[in-house]
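Colleague: Could you walk me through the charged pairs and the helix packing here? I have the sequence and coordinates open.

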Amino acid sequence: VALDPAHVVGVIRAGLAELPLAAGNVVVRLHPADAAVVRDVLPADGDDRAWRLEADPLQERGGCMITSTRSVVDGRLD
């Protein structure tokens, strides 16, 4: 993460791929510094993506937690 902060984008993509196709209300929780990187790399073009990004200071840098109405994908490093 220190060498390539955009690495977390790959973690998000892998986590989203694990969700069922009909997953609704998808939230990606990231460390605030990672959330800033993701907002720069994946700008919300008219907010048409199927998931929402939330900065969560309890998350460790480089990982994420992805939740939907019925699923959870743990992309944390621990």
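Colleague: Happy to start with a side chain: is Glu-54 buried, partly exposed or exposed?

Modeller: A word on the basis before that: this is a predicted model, where local features need pLDDT of at least 70, side-chain atom pairs count only at pLDDT 80 or more, and totals for chains, interfaces and linings use all residues. Residues are numbered from 1 along each chain as its sequence is written, and side-chain values use heavy atoms, with hydrogens and water left out. Buried means under 20% relative accessible area, exposed over 50%, and partly exposed in between, using a 1.4 Å probe and protein chains only. Glu-54 has 27% relative accessibility, so Glu-54 counts as partly exposed.

Colleague: Thanks! Which residue does Glu-54 meet in a salt bridge at 3.6 Å, N to O?

Modeller: A salt bridge here is a side-chain nitrogen of Lys or Arg within 4 Å of a carboxyl oxygen of Asp or Glu. Glu-54 sits in strand 2 (residues 51–55) and its partner in strand 1 (residues 26–30), so the pair ties together parts that are 25 residues apart in sequence. Strands are DSSP runs of E with at least two residues, helices are runs of H or I with at least four, and both are numbered from the N terminus. The partner, at 24% relative accessibility, is partly exposed, and the side chain that meets Glu-54 belongs to Arg-29.

Colleague: Which residue is linked with Arg-29 and Glu-54 in a network of salt bridges?

Modeller: Side chains of opposite charge can pair when their charged atoms come close. In this network, Arg-29 and Glu-54 are joined by Arg-52.

Colleague: And where does Arg-61, the salt-bridge partner of Asp-34, lie?

Modeller: The side chains of Asp-34 and Arg-61 meet at 2.8 Å, N to O. Asp-34 is buried, at 0% relative accessibility, whereas Arg-61 is partly exposed at 33%. Asp-34 belongs to helix 2, so the pair ties together parts 27 residues apart in sequence, with Arg-61 in the loop between strand 2 and strand 3 (64–67).

Colleague: Which residues of helix 2 meet Val-8, Val-9 and Ile-12 of helix 1?

Modeller: Helix 1 (residues 7–18) and helix 2 (residues 32–41) pack at about 85°, with their axes 9 Å apart. Axes are lines fitted to C-alpha atoms, for helices over the stretch in contact, and angles run from 0 to 180 degrees between N-to-C directions. Contact means heavy atoms within 4.5 Å. On the helix 2 side, the residues are Asp-34, Val-38 and Val-41.
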